[in-house]
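Hi,

Here is the structure for you to look over. My notes follow below it.

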2 protein chains.
Amino acid sequence: MAGPVWNLGRLNHVAIAVPDLEKAIAFYKNVLGAQVSDVVPLPEHGVSVVFVNLGNTKMELLHPLGSNSPIAGFLKKNEAGGMHHICIEVDDINKAVMDLKSKKIRSLSEGAKIGAHGKPVIFLHPKDCGGVLVELEQA
Amino acid sequence: MAGPVWNLGRLNHVAIAVPDLEKAIAFYKNVLGAQVSDVVPLPEHGVSVVFVNLGNTKMELLHPLGSNSPIAGFLKKNEAGGMHHICIEVDDINKAVMDLKSKKIRSLSEGAKIGAHGKPVIFLHPKDCGGVLVELEQA
């Protein structure tokens, strides 16, 4: 039986966990010459974010904020930093969540939650996604 | 002194190393419903590639091909697979190579080489790029 109908959209961003935010900003801004945003503190998400605009999509530099950051564990294992997750847009996140559940794809929360951009998101379990942490975001 | 003038462009692709190509194709095609290419063997690059079209950019699923694959070591360390590199376009790769060298950013080859798309590319050292393997490709 076919699951609920939903469509995958564009790549919203690639997220990079960085141990040294100033150094990362200097790399993308001064070395590569990319268009880089100010630092945006998101205490409710436990990260400070810097957006690197690449025209067709963006990179998001994530740095831990506060004592219970969701990227603290990643940076402990990857001290130099590294690629943390990819975020792909979907047209109907609730249908996507139901469909993926029916296909036995685990997610990191029971349903969609409000993400860093103020839109509903869900993170899928890397073990069910070929080792990649995949975030789906309502377009 | 300013280095040679070159410009960073769009995100060409995010590369994912996958230990099981059929399983990865099934995930992106059947579970996520993405538009997925046939398998493209690139023996001269030691990988088989599958392109996942996301509209604004693409993902490339890389699977080892032959006995000396450049992604064999990564998959040994990351048995489930994972994000391998990002590729950003540049308007003049030779100027980029010269400029980055002057800025003490190490690369994995002496100069640009022909990459998997038949265009000149260079891989920058992850230790100089915040833990991320960054490929630059001539647009």
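Which residue of chain B comes closest to the rotation axis? B:Asn56 does, with its C-alpha at 2.9 Å.

First, the ground rules. This is a predicted model, where local features need pLDDT of at least 70, side-chain atom pairs count only at pLDDT 80 or more, and totals for chains, interfaces and linings use all residues. Residues are numbered from 1 along each chain as its sequence is written, chains are lettered from A and ligands numbered from 1 in the order in which they are written, and side-chain values use heavy atoms, with hydrogens and water left out.

Symmetry: a rotation of 180° with 0.0 Å of shift along its axis puts chain B on chain A, at RMSD 0.0 Å (least squares on the C-alpha atoms of residues with pLDDT of at least 70 in both). That is the relation of a two-fold axis. 100% of the interface residues of chain B are also interface residues in chain A, so the copies meet through the same surface.

Fold: chain A has 3 helices and 9 strands (DSSP runs: H or I of at least four residues, E of at least two). Their order along the sequence is β-α-β-β-β-β-α-β-α-β-β-β.

Dimensions: the C-alpha trace of chain A spans about 50 × 30 × 25 Å along its principal axes. Of its 139 residues, 47% are buried (under 20% relative accessible area, 1.4 Å probe, protein chains only).

Contacts (heavy atoms within 4.5 Å): in chain A, 53% of those with a separation of 6 or more join residues 24 or more positions apart.

Best wishes

Technical notes:
Buried < 20%, exposed > 50% of the residue type's maximum accessible area, 1.4 Å probe, protein only.
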